[in-house]
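I opened the notebook to record what I looked up in this structure. The entries follow in the order I made them.

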Amino acid sequence: MTKNEVKELIKAAGLYEWQVAYSFGVTEATFSRWLRRDFDNERTEKLKSIVNELKKA
């Protein structure tokens with residue numbers, strides 16, 4: 001998943017990047033560094049799971 005797709009997914013869910021970062025267990029700065037590169041399949045699946053959980057809350 002490209003960095004733009006990640007950002008769009010988070011935005012479309014009505015979430016903030018810091019919320020997703022916290023759920024990943026990393027700081028917002030670390031998550032921001034992750035966004036400099038495309039997400040691999042494992043991280044993409046975890047991201048989708050986190051976004052779905054946060055949308056339910």
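Is Glu28 buried, partly exposed or exposed? I found it partly exposed, at 45% relative accessibility. My classes are buried for under 20% relative accessible area, exposed for over 50%, and partly exposed in between, with a 1.4 Å probe and protein chains only.

**Ground rules**

The model is predicted, and I took local features at pLDDT of at least 70 and side-chain atom pairs at pLDDT 80 or more, while totals for chains, interfaces and linings use all residues. Residues are numbered from 1 along each chain as its sequence is written, and side-chain values use heavy atoms, with hydrogens and water left out.

**Entry: Glu28**

I placed Glu28 in helix H3. For helices I used DSSP runs (H or I, at least four residues; strands are E, at least two), numbered from the N terminus. Leaving aside neighbours within four places in sequence, I listed Trp18 and Ala21 as the contacts of Glu28. Contact here means heavy atoms within 4.5 Å. Glu28 and Trp18 are ten residues apart in sequence, and I noted 5.1 Å between their C-alpha atoms.

**Entry: helix H2**

I next asked which residues of H2 are buried. They are Val20, Ala21 and Phe24. Seen down the axis, these buried residues fall within an arc of 100°, so they line one face of H2. The arc is that of the directions from the helix axis to the C-beta atoms. For their cover I noted H1, helix H3 (28-34) and H4, among what is included. After H2 comes Gly25, and I recorded its phi as positive, near 85°.

Tyr22 also belongs to H2 (residues 17-24), but I found Tyr22 exposed, at a relative accessible area of 68%. With Tyr16 and Trp18, Tyr22 makes a nonpolar surface patch of about 450 Å². Patches are made of residues with over 30% relative accessible area and no salt bridge; like charges are joined within 9 Å, nonpolar side chains (Val, Leu, Ile, Met, Phe, Trp, Tyr) within 5 Å. The accessible areas come from the Shrake-Rupley method with a 1.4 Å probe, and for residues only the protein chains shown count as cover.

**Entry: helix H4**

I checked the length of H4 (residues 41-56). Its 16 residues reach 23 Å from the first C-alpha to the last, close to the 22 Å expected at 1.5 Å a residue. The expected span is 1.5 Å times one less than the number of residues.

Which residues of H4 are buried? I listed Thr44, Leu47, Ile50 and Val51. They cover an arc of only 125° around the axis, which puts them on the same side of H4. Their cover includes helix H1 (3-12) and H2. On the face turned away from the buried side I found the exposed residues Asn41, Glu42, Glu45 and Lys56.

I looked at Thr44 separately. Thr44 counts as buried at 6% relative accessibility. Not counting residues up to four places away in sequence, Thr44 touches Met1 and Phe39.

**Entry: salt bridge**

How many salt bridges does a search of the whole structure find? I got one. The criterion is a side-chain nitrogen of Lys or Arg within 4 Å of a carboxyl oxygen of Asp or Glu. The side chains that meet are those of Glu53 and Lys56, at 3.6 Å, N to O. Side chains of opposite charge can pair when their charged atoms come close. Glu53 and Lys56 are three residues apart in helix H4, and are therefore separated by about one helical turn. I found Glu53 partly exposed at 48% and Lys56 exposed at 66% relative accessible area. I also noted that Lys56 and Arg43, 13 residues apart in sequence, are 20 Å apart, C-alpha to C-alpha.

I placed Lys7 in helix H1 and found Lys7 partly exposed, with a relative accessible area of 38%. Apart from neighbours within four places in sequence, Lys7 is in contact with Glu17 and Leu35. Lys7 and Ala57 are 50 residues apart in sequence, and I noted 20 Å between their C-alpha atoms.

Where does Gly14 lie? I found Gly14 in the loop between H1 and H2, exposed at a relative accessible area of 58%. Gly14 and Leu54 are 40 residues apart in sequence and 9.6 Å apart in space, C-alpha to C-alpha.
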